[in-house]
Amino acid sequence: MDACAHFLQLARYNVWATRRLLDAVANVSDADYRKDVGLFFKSIHGTLNHLLVGEHMLWYPRFARGVSPKVELNAEVEPDRDRLGQALKGGAANWLPLIEDWPAERFDGALNYTNMRGQVMSLPFAPTLAHVFNHGTHHRGQITAALTALGHASPELDLVYLLQEEASK
């Protein structure tokens, strides 16, 4: 599989998993949604905000426009849970056309950006892009664990379920 096809698959998975997770979270009371359940970003809400910050407000602009915004990783950038969910869904979808437009050689290059401490960084492009999707998987896993601990249903988010779904179409 070529790099573009691989990352398009990861981007599709990101869209699919984000939607499934948000569908499950929609059934959670506001008290449980905002409760400190011991996650790194405290609550389901805090972790979803972190996903918006990390994936869409920091990494997306770095990859899409070569700019390095500054925003705290624990910032509550969207207090409203419905708007937060819509921003996460829209942000996940934005990766697909971006990746489709990159020439094959882009994946072999470097991503140059400035990190949160003001240091200029140059990292391998493809592994750093893999980090973005892996990061989302990590935090979705934390949220599914929180859902289970709170007594709520947790969605199946394994990549293989998306692959099975796509194969059946």
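A charge is taken to sit over a ring if NZ of Lys or CZ of Arg is within 6 Å of the ring centre and within 35 degrees of the ring normal. With this rule I looked up Arg62, and its charged end sits over the ring of Trp59, 4.5 Å from the centre of that ring. I then looked up Arg81, whose charged end sits over the ring of Tyr33, 4.0 Å from its centre.

**Entry on the model.** I note that this is a predicted model, in which local features need pLDDT of at least 70 and side-chain atom pairs count only at pLDDT 80 or more, while totals for chains, interfaces and linings use all residues. Residues are numbered from 1 along each chain as its sequence is written, and side-chain values use heavy atoms, with hydrogens and water left out.

**Entry on aromatic pairs.** A pair of aromatic rings is described by the distance of the centres and the angle of the planes. Rings of Phe, Tyr and Trp (its six-membered ring) pair if their centres lie within 6.5 Å; planes under 30 degrees apart count as stacked, over 60 as edge-to-face and the rest as tilted. I searched the whole structure and found 13 aromatic pairs. For Phe7 and Phe107 the ring centres are 5.6 Å apart and the planes are at 0°, so this pair is stacked. Phe7 lies in helix α1 (residues 3-25) and Phe107 in the loop between α4 (81-101) and β1 (110-114), so the pair ties together parts that are 100 residues apart in sequence. Helices (H or I, at least four residues) and strands (E, at least two) are DSSP runs, numbered from the N terminus.

Are Phe7 and Phe107 buried or exposed? Buried means under 20% relative accessible area, exposed over 50%, and partly exposed in between (1.4 Å probe, protein chains only). Phe7 counts as buried at 4% relative accessibility, and Phe107 counts as buried at 3%.

I next looked up Trp102 and Phe125, whose ring centres are 4.9 Å apart with planes at 80°, so the pair is edge-to-face. Trp102 lies in the loop between α4 and β1 and Phe125 in helix α5 (residues 125-149), so this pair ties together parts that are 23 residues apart in sequence. Both Trp102 and Phe125 are buried.

**Entry on helix α5.** The expected span of a helix is 1.5 Å times one less than its number of residues. Helix α5 has 25 residues and reaches 37 Å from its first C-alpha to its last, close to the 36 Å expected. After α5 comes Gly151, with a positive phi near 85°.

**Entry on the largest pocket.** On a 1 Å grid over the protein atoms alone, a cavity is a set of points where a 1.4 Å probe fits but cannot get out, and a pocket is an open set with protein on both sides within 12 Å along at least five of seven lines; lining residues have an atom within 4 Å of a point. Grid points are joined across faces, edges and corners, and a volume is the space filled by probe spheres set on the points. The largest pocket has a volume of about 230 Å³. Its lining includes Trp59 and Arg62, and also His50, His131 and His135. Which element gives the most to this lining? It is α3, with five residues. I sorted the lining into four nonpolar, five polar and two charged residues. Here Ala, Val, Leu, Ile, Met, Phe, Trp, Tyr, Cys and Pro count as nonpolar, Asp, Glu, Lys and Arg as charged, and the others, Gly among them, as polar.

**Entry on the second largest pocket.** This pocket has a volume of about 190 Å³. Tyr33 and Arg81 are among its lining residues, as is Lys89. Helix α4 gives the most to the lining, with five residues. The lining divides into five nonpolar, two polar and four charged residues.

**Entry on the cavity.** I found one cavity of 30 Å³ or more. The largest cavity holds about 80 Å³ of space. Among the residues that line it are Asn14, Glu55 and Arg140.

**Entry on Lys42.** Lys42 lies in the loop between α2 (30-34) and α3. Its phi is positive, about 75°, although Lys42 is not a glycine. With a relative accessible area of 48%, Lys42 is partly exposed.
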